[in-house]
Amino acid sequence: MKNLNILKNIFRKSFQIDLDDKYCYPNDKEFVMADSRIIKIEIERYCAKNNQTVAFLTNEKPIIFLLNGKEKYTASLKMGYGRYNQGYHIHCLELLD
């Protein structure tokens with residue numbers, strides 16, 4: 001049974017949402033750390049662009065939401081390091097019941 005739970009955690013769905021530059025790059029002079037309100041706005045914008053519905057279950061961190069009325073996700077800020085993209089983004093991870 002323990003192996004089944006490990007496999008479920010491995011195959012959880014996730015996606016990331018890029019932020020506007022002023023919320024993304026901490027070395028920028030105009031940098032502002034994204035709060036819960038900004039995270040919710042960016043999730044709503046992402047869902048509207050991709051023809052998906054979103055319903056928020058919590059308003060504060062950790063932000064939990066339903067995507068298309070079925071899948072439950074949690075959203076958090078993550079710092080991404082890469083060759084061309086270094087900055088904050090919203091990481092959305094599926095919650096399994």
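Student: Which residue has its charged end over the ring of F56, and how far is that end from the ring's centre?

Tutor: Please keep in mind that this is a predicted model, in which local features need pLDDT of at least 70 and side-chain atom pairs count only at pLDDT 80 or more, while totals for chains, interfaces and linings use all residues. Residues are numbered from 1 along each chain as its sequence is written, and side-chain values use heavy atoms, leaving out hydrogens and water.

The residue is K40, whose charged end lies 5.0 Å from the centre of the F56 ring; a charge sits over a ring if NZ of Lys or CZ of Arg is within 6 Å of the ring centre and within 35 degrees of the ring normal. F56 also belongs to a cluster in which ring pairs link it with F15, Y46, F65 and Y73. Rings of Phe, Tyr and Trp (its six-membered ring) pair if their centres lie within 6.5 Å, and planes under 30 degrees apart count as stacked, over 60 as edge-to-face and the rest as tilted. By this rule there are five aromatic pairs. One of them joins F15 and Y73 edge-to-face, at 5.4 Å centre to centre with 65° between the planes. Because F15 lies in strand 1 and Y73 in strand 4, this pair ties together parts that are 58 residues apart in sequence; strands (E, at least two residues) and helices (H or I, at least four) are DSSP runs, numbered from the N terminus. F65 and Y73, with centres 5.8 Å apart and planes at 15°, are therefore stacked.
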